[in-house]
Amino acid sequence: MPSHAESCLEAGLAALKQGNYYTAIANLEPLAKDQNQEKICLQAQVGLVMSYARTGEVSKAIALCQNLIANSNPQVQEWATLALEHLHKRKNQKQKSRKTNTRVIPSLNPSQQKPQTAYVGADGNTNINPISIYWRNARRAKVWQPLRKPNIIPSRLLALGTFIALFWMCREMFKLVLGLTNQILYQLPYLEPIQILYRDPSSLILGLFVILMVSSPWLLDWILGRFFGQEELTKEKLNSYSRETSRVLQRTCQQRRWPSPQLRILPISAPMMISYGNLPRTARITVSQGLLEQLADDEIAAIYALSLGQIGRWDFIVMSLVLLVTLPFYGLYQQISVWGNQHQSKIWRWPATFLAAITYSIWCVFTGTALLNARLRLDHSDRLSAEITGNPNGLIRALLKISIGIAHDISLQERTSWQLESLNLLAPVAYQHSIILGSTAGHLPFESFLKWENFHPYRQWLTINSCHPLMGDRIERLCQIARSWHLDTELHQTNPPKPILIKPQSFWLQIAPWLGIPLGVVFAGLIWLVWQTAYALHLLNLKWIYDNWSFITGCMLIGFSIGTVMRINALFPDITAANVQKDENLTSLLANPTILPIDSIKVRFTGKLLGRPGIGNCLAQDLILQSSQGLMKLHHIPWVGKSFNPQELIGRQITVTGWLRRGGTPWIDIHTLETQSGKKINSPHPIWSTVIAVSAQAWGAYIMLTGS
């Protein structure tokens, strides 16, 4: 039976691991003064150094490290020396430039000989404390068995479906533009419609797609070089960051009889990677400067292996085509936003705002055609990366560090960069998910944050509109590979003591508007049978309705409207001072694996508003709250006639009241947004939901009554 001291030590270290630093300090401080039990005293002092550092008591941590340096154990001396160097740098961090570093920091247990890599976040502003994250550095396989080959038919069918969806969307968009052009010409005096614009553009678009696919490597080289600053990455520079990467590239390409892919680099501080081309011999792998600086040698190799897993597949050329089609629209949106912000006159700002909103919406629509394909290809490339390197744990660390680096970059820039958003579809980690995962690292253990993504029974349905698979699922699949090779895993996710049970009624209410659409089709079928029977019996002559099948659309709209009305009260419950959650409760809310977005947690958070200024944020697509616990995505819906917008408050301290929703990317639906001076913005989510429901109901009823 463990002694009282051992029990206190175990409780203190467990609290430290869970992020309860003050509890850890309370348990460890008495043990650190007890010289009678040298081993326990030593471990308690090590734990106190880490606890003090994470609570901002750096001076106390430094004093303890100086004592540990005098210890006779050489491993303890080495640990204390490295930790002391790290602590001094953190103490002087406010006087230095705000920069993200990757350092080598010793592990929690001084008896372990292997140091662990830690990501060190800078002191971005007064609301964000510098934190350190300690990694297990779980080992890699020395000898490993090849993984079972996946069935490639679904991925090829999905790539074909993505091509068809992109082609259809481009064709319909092109026809809409041509039709509007002829309509305008018809209305203008002395002008006539151009007859050639009435022709079907399918052949033209298909031919253009073929040309784009053939030339995509060189066109993307030019676009990324001209507008993103992409340059060639020399092997010498790559070797200075990761020698293993060169070996992985050479070995894999020789095995597959590929020429070595061309290597590129983007001068971006956020860690990211994309690969593009049309064939293995024209493949390009582009990484950012931030990725090379923030990842360790084996982690960089794992990311390059992930990109090798994407080359040679059918979706490789399709995703390159999608990127080539979408980037010009995003670039147009960016240029319009920058130009519009430079003109203060409303005469120019209103047209610029409208055009920016249109081009951004088109970019979103075209990007949406490849969401499912983007998710599936990452599942495949994760497996291949692990198989190529024998290092699934290295890939886990790389993915988590990329998330942390992206969140840190957003905190420093105080907005989401153009590059992060425009290249997000091909990036290894979604920037939306990184906002909260990366920023809460150090406040909340990864295992706790990822419980929702590992165990929520409806998580796949709730992330159907995401372009990346859930990080929790990806890491669990990599952990399964590690366990199959008899390796310890970087993260130790424990199963909940009881299965997570969520009432089906809650999920049905969550998807009520979308469930109303198929139910509307069923209702239309019942109406058709009734009317068909009545007409055959000469009881009712309404055959004109079911002769025109548009009444099915009317029933679908009515079903959508009913479902929307049913969930309004659950989505937007009343918020009072007595029932709101505060900032300090954020981590416990995110660690709850049982909640649905419909649960509508009422919150009142305070922090700094981040996002793009002016026209670049015309649809409120980049609003982020930076609180003491991390970053949180905000959803705002403007109201007609309001001259005061959230973009005007970017960079200022605000208080947000709203409803926290836990999905693949947690977010807050804003109820009110208030400044310290008392200015307030309301976001009428319930009103807009009602407007949408009433409009759908009226439209559906009109179709039902008129048959058109």
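Modeller: A nonpolar core is a set of buried Ala, Val, Leu, Ile, Met, Phe, Trp, Tyr and Cys residues joined through side-chain atoms within 4.5 Å. Buried means under 20% relative accessible area, exposed over 50%, and partly exposed in between, with a 1.4 Å probe and protein chains only. This is a predicted model, in which local features need pLDDT of at least 70, side-chain atom pairs count only at pLDDT 80 or more, and totals for chains, interfaces and linings use all residues. Residues are numbered from 1 along each chain as its sequence is written, and side-chain values use heavy atoms, without hydrogens and water.

Colleague: Which residues touch the most other members of the largest nonpolar core?

Modeller: In soluble globular proteins, nonpolar side chains tend to be buried together. Here the largest core has 134 residues, and Phe209, Leu291, Ile303, Tyr304, Leu423, Leu425 and Phe446 touch the most other members. Its largest share, 10 residues, comes from helix 15 (residues 392-413); helices (H or I, at least four residues) and strands (E, at least two) are DSSP runs, numbered from the N terminus. Another core, of 33 residues, lies apart from it and includes Leu28, Ala44, Val58 and Leu87.

Colleague: What is Phe446 in contact with, leaving aside its neighbours within four places in sequence?

Modeller: Contact means heavy atoms within 4.5 Å. With those neighbours left aside, Phe446 contacts Ile133, Trp135, Leu400, Ile404, Leu437, Ala441 and Leu491. Over the chain, 70% of the contacts with a separation of 6 or more join residues 24 or more positions apart.

Colleague: Is Thr245 buried or exposed?

Modeller: Thr245 has a relative accessible area of 0%, so Thr245 is buried. Thr245 lies in helix 9 (residues 243-256). Beyond its neighbours within four places in sequence, Thr245 is in contact with Leu238, Asp297, Ile300, Ala301 and Tyr304. Ala305 is 60 residues from Thr245 in sequence, and 8.1 Å from Thr245 in space, C-alpha to C-alpha.

Colleague: And what is the relative accessible area of Val177?

Modeller: Val177 has 45%, so Val177 counts as partly exposed. Val177 belongs to helix 6 (residues 153-187).

Colleague: How does the radius of gyration read for the chain?

Modeller: The radius of gyration is taken over C-alpha atoms, and the globule rule is 2.2 Å times the number of residues to the power 0.38. For 708 residues a compact globule would have a value near 27 Å; the chain has 28 Å, which agrees. Of these 708 residues, 53% count as buried. The chain has 27 helices and 13 strands.
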